[in-house]
Amino acid sequence: MEEPIFKDNTVTVRRKSPFYQLEYIYKYNENGFDLTVDFTPTDNLPAFLPKLGLTLKLPDSMDKLYWFGRGPEECYRDRCSGIKIGKYSASADELWNTYLMPQENGNHCDVYLAGVCNKDGIGIG
């Protein structure tokens, strides 16, 4: 892992593996930040690529979620047409389902706006 590069209002972080190169560019602005992720596979990339994702760690107090998209129940591509598009909100606990074999949880298709905040409405999104 290379050291982060700080320049003006931007932080660039680069990661390398035998299979890919990643570049995360955080550009800070008056509303927070924009994140751009550049994924470049190498010639060694396996035929089967596992799911890639990002993890955003937030304080426990930021447990209220809101979104404009399909809801209020979770939905996946195979059943999204039966779920209405609208404005929804829920706590993190309300979106959790205890499945026998947990994999994904709380997905919402066709989300056009999303955010997370604390009980006072302070957050991101």
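This is a predicted model: local features need pLDDT of at least 70, side-chain atom pairs count only at pLDDT 80 or more; totals for chains, interfaces and linings use all residues.

Reader: What makes up the secondary structure of the protein?

Author: Zero helices and eight strands. From the N terminus on, the order reads β-β-β-β-β-β-β-β.

Reader: How do you know which strands are the edge strands of the open sheet?

Author: The sheet has four strands in the order β6-β5-β7-β8, with antiparallel pairing. Strands β6 (85-91) and β8 (123-124) each pair on one side only, and they are the edge strands.

Reader: Why do you say that β5 and β7 pair?

Author: Two strands pair if there are at least two bridges between them. Strand β5 (residues 64-70) and strand β7 (residues 113-117) have five bridges, so they count as paired, in the antiparallel sense. Phe 68 stands opposite Leu 113 in β7.

Reader: And what holds such strands together in general?

Author: Strands of a sheet pair through backbone hydrogen bonds.

Reader: How does the radius of gyration of the protein sit against that of a compact globule?

Author: A compact globule of 125 residues would come out near 14 Å, but the protein has 18 Å. Its C-alpha atoms fill a box of roughly 40 × 40 × 25 Å along the principal axes.

Reader: What makes a residue "buried", and how many of the 125 residues are?

Author: The cut-off is under 20% relative accessible area. Buried residues make up 22% of the 125 residues. As for the accessible surface, it comes to about 10,000 Å², and 54% of that belongs to carbon and sulfur atoms.

Terms used
Residues are numbered from 1 along each chain as its sequence is written. Side-chain values use heavy atoms; hydrogens and water are left out. Helices (H or I, at least four residues) and strands (E, at least two) are DSSP runs, numbered from the N terminus. The radius of gyration is taken over C-alpha atoms; the globule rule is 2.2 Å times the number of residues to the power 0.38. Buried means under 20% relative accessible area, exposed over 50%, partly exposed in between (1.4 Å probe, protein chains only). Accessible areas come from the Shrake-Rupley method with a 1.4 Å probe; for residues, only the protein chains shown count as cover.
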